[in-house]
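Visitor: I would like a short tour of the side-chain contacts here. Shall we start with the terms?

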Amino acid sequence: MNYRKLGKTGWPVSEISLGTWQVGGGWGKTFDAKLANRIIHTAIDQGINFIDTADVYDGGLSEAAVGKAVKESAEKIFVATKCGRQIQPHVNEGYTPKILREFVEASLKNTGLETIDLIQLHCPPTPVYDRDEIFGLFEKLKEEGKILAMGVSVETVGEASSAMKYDIVSSIQVIFNMFRLKPSETLFTYPEIDKFGIIARVPLASGLLTGKLTTDTVFSKEDHRLFNRQGEAFDKGETFSGVNYDKGLSAVQELTEVFQGKEHLAAWAMRWVLMFPQVSTVIPGASKIDQVLSNVKASLLPEIPFNQMEAVRNIYNKYFKADIHHLW
């Protein structure tokens, strides 16, 4: 495993880490705490030292599983969780220092940890990024020793830019993959970007970039890949990175021609993300142990040559740029 610095925190984090949206459950499945524990321990055994969770993942069960596994491990594991998505309706007015403090304290209790390494606002409404009192709360929580650092999980590059004006913000979690190139052309070019750890989420575009989905794939009624394609439940950019499913399948077909060989497209998709030095870590999810083992292979792959990098850009321009580039 290779390690990169997480912005101004200075923490050396594994460049392939673990996202826990579906660890032990997810997408309508019953949560399996024993499976979650095995998946997390497998990740740690593979050199992963950064785990991303949230208070809303499986109603807090994901947070609890992460906390349990981390306490069982002798390794230093950086735990990142998120808060804010419990606010319903999910509007700017619902965000107050009081409710966010309660969420952070609940996460501390849920994980069983004395301090949260990285707390992140969980894709709040855009106006929240201009409210000094919200970010001031996390300054206080840091002074109190309840958190070590604070970051934001954003939907848009504009939100990332707004968050960067606060000294407390150390990291920016953003969707970045072969189907979502905009951050590399905007956010990554900012002069001050080296101060911020970039956490790349949804690296496989909700499974499209595994190359395993087809027109015949059936998604369960609880799976956001079925019910959120037009943003019916939350930002549609979180589902297939906001691209049209059929166009995505066509693009994947072309990508598999670009990346031929024994390694699956999924590994190359994550290696592609790592080609950008601004990225601190990639957080693919895993609902099976073999997915963790497959994910970490991306860290060992050679650099992608220029012609293949350009091929990815050309495929993006052909299928997606006109549809989505302006949205996020």
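Guide: Buried means under 20% relative accessible area, exposed means over 50%, and partly exposed lies in between. Keep in mind that this is a predicted model.

Visitor: With those cut-offs, is Lys76 buried or partly exposed?
Guide: The relative accessibility of Lys76 is 48%.

Visitor: How many salt bridges does a search of the whole structure find?
Guide: Glu105 and Arg101 supply another, with N and O 3.6 Å apart. The search of the whole structure gives 17.

Visitor: In which helix do Glu105 and Arg101 both lie?
Guide: The two are four residues apart, about one turn of the helix. Glu105 counts as partly exposed at 31%, and Arg101 counts as partly exposed at 22%. Their helix is α3 (residues 97-111).

Visitor: Which residues are linked with Arg101 and Glu105 in a network of salt bridges?
Guide: Arg101 and Glu105 already form a salt bridge with each other. The network also takes in Glu144 and Lys146.

Visitor: What is the N to O distance between Arg313 and Glu185?
Guide: Arg313 lies in helix α11 (residues 306-319) and Glu185 in helix α6 (residues 182-185), so the pair ties together parts 128 residues apart in sequence. Arg313 counts as partly exposed at 24%, and Glu185 counts as partly exposed at 32%. The N to O distance is 2.5 Å.

Visitor: Now the rings. How many aromatic pairs does the structure hold?
Guide: A pair of aromatic rings is described by the distance of the centres and the angle of the planes. The structure holds 16.

Visitor: Where does Tyr245 lie, relative to Phe219 in the chain?
Guide: Phe219 is in the loop between β9 (197-201) and α7 (224-227). Phe219 is buried at 10%, and Tyr245 is buried at 8%. The pair links distant parts of the chain, 26 residues apart, with Tyr245 in helix α8 (residues 245-258).

Visitor: What angle lies between the planes of Phe240 and Tyr245?
Guide: Phe240 counts as buried at 1% relative accessibility. The centres are 5.0 Å apart and the pair is tilted. The angle is 40°.

Visitor: Which residue lies over the face of Tyr245?
Guide: Tyr245 also pairs with Phe240. The distance from the ring centre is 4.5 Å. The residue over the face is Arg229.

Note on methods: Residues numbered from 1 in each chain as written. Predicted model: local features only at pLDDT ≥ 70, side-chain atom pairs only at ≥ 80, totals over all residues. Heavy atoms only, no water. Phe/Tyr/Trp six-rings, centres within 6.5 Å; stacked < 30°, edge-to-face > 60°. Buried < 20%, exposed > 50% of the residue type's maximum accessible area, 1.4 Å probe, protein only. Lys NZ or Arg CZ within 6 Å of the ring centre and 35° of its normal. Salt bridge = Lys/Arg side-chain N within 4 Å of Asp/Glu carboxyl O.
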